[in-house]
Structure formats: C-alpha cells, structure tokens
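Hi everyone, thanks for having me.

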Amino acid sequence: FRGDLFTEYNIEINAAVLPYVGLSIGVLAADVEYEEIDGNDVAFTTGGELGLKGFISEQAALFGAVEYLWASSNVFLAQDKVEDTDIRLKLGLRFFF
C-alpha cells in the first residue's frame with residue numbers, strides 16, 4: 001500500500017493546458033518477490049511531480065505527469081535489484097469539487 005499527502009502549485013498561463021508542480025510525503029509498504037529478491041519493508045517517501053492538466057469541464061481534467069520518488073529504504077524493483085528511487089509516468093482523470 002501507499003499513502004501520501006500531496007500539494008500542487010498551478011502555473012497560470014493563458015493556454016489550453018495548465019502546468020503544475022507537486023510535492024508529496026508519505027509511507028509505502030512493499031512486498032517484493034522476484035527471482036533471487038525476496039523481502040518486505042515499510043518506507044517513508046518524498047517526491048516531486050511535474051505535469052499538465054487539460055480541463056474537459058469545470059469539474060474534470062485529464063492529466064499527465066512525471067513523478068520522482070525517493071524512499072527511506074530499498075522498496076522499488078528495477079532491473080533485477082531493488083532501489084530507493086523511482087520515476088513514474090502518470091496519466092489520469094481528476095475531479096474537482
């Protein structure tokens with residue numbers, strides 16, 4: 001599981017998309033079983049995110065982002081080893097109330 005507190009700052013420009021910068025802190029529990037790697041751990045995480053939002057209505061936006069995460073221990077699986085950093089591409093739909 002992973003739980004985060006996340007905040008973001010929208011960069012106001014006069015365009016169809018809205019760029020943003022985000023920061024997060026959280027906790028992640030990992031259970032890794034891959035070939036010779038077997039273990040579980042709980043780690044504190046912090047990260048940053050750069051992304052774009054395109055509003056499709058007043059309450060909904062499509063988004064894409066790149067997220068960099070750092071963990072306090074090795075919990076991310078990467079090419080036959082575990083590491084304490086991870087880079088993720090995110091695509092999704094956000095709702096605003």
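Let's start with a pair of charges: Asp-86 and Arg-88 meet through their side chains in a salt bridge, 2.7 Å from N to O. Arg-88 has a relative accessible area of 27%, so we call this residue partly exposed.

Before going on, keep in mind that this is a predicted model. Mean pLDDT for the protein is 89, with 93% of the residues at 70 or more. Strand β4, residues 60-71, has the highest confidence, a mean of 96. The lowest is in strand β5, residues 76-77, with a mean of 80.

Okay, back to the charges. How many salt bridges does a search of the whole structure find? It finds eight. One of them joins Arg-2 and Glu-67, at 2.9 Å from N to O. Arg-2 is in strand β1 and Glu-67 in strand β4, 65 residues apart, so this pair links distant parts of the chain.

Next up, Glu-8 and Lys-53: they form a salt bridge with the closest N and O atoms 2.5 Å apart. Lys-53 is buried, at 2%, while Glu-8 is partly exposed, at 27%. Lys-53 also lies over the face of Tyr-20, 5.2 Å from the ring centre.

Both of those pairs belong to a network of salt bridges that also includes Asp-4, Glu-49, Lys-90 and Arg-94. Arg-94 has a ring too: Arg-94 lies over the face of Phe-63, at 4.5 Å from the ring centre.

Now, rings with rings. Searching the whole structure gives one aromatic pair. That's Phe-55 and Phe-96, with ring centres 5.4 Å apart and planes at 35°, so the pair is tilted. Phe-55 is in strand β3 and Phe-96 in the segment after β7, so the pair ties together parts 41 residues apart in sequence. Phe-55 is partly exposed at 40%, and Phe-96 is partly exposed at 28%.

Last stop, the surface. Tyr-9, Ile-11, Ile-13, Val-21 and Leu-50 make a nonpolar patch of about 490 Å². Leu-50 sits in strand β3 and counts as exposed, because its relative accessibility is 58%.

That's my tour, thanks!

How values were computed. Residues are numbered from 1 along each chain as its sequence is written. Side-chain values use heavy atoms; hydrogens and water are left out. Patches are made of residues with over 30% relative accessible area and no salt bridge: like charges are joined within 9 Å, nonpolar side chains (Val, Leu, Ile, Met, Phe, Trp, Tyr) within 5 Å. Accessible areas come from the Shrake-Rupley method with a 1.4 Å probe; for residues, only the protein chains shown count as cover. A salt bridge is a side-chain nitrogen of Lys or Arg within 4 Å of a carboxyl oxygen of Asp or Glu. Helices (H or I, at least four residues) and strands (E, at least two) are DSSP runs, numbered from the N terminus. Buried means under 20% relative accessible area, exposed over 50%, partly exposed in between (1.4 Å probe, protein chains only). pLDDT is the predictor's confidence in each residue, from 0 to 100. Rings of Phe, Tyr and Trp (its six-membered ring) pair if their centres lie within 6.5 Å; planes under 30 degrees apart count as stacked, over 60 as edge-to-face and the rest as tilted. A charge sits over a ring if NZ of Lys or CZ of Arg is within 6 Å of the ring centre and within 35 degrees of the ring normal.
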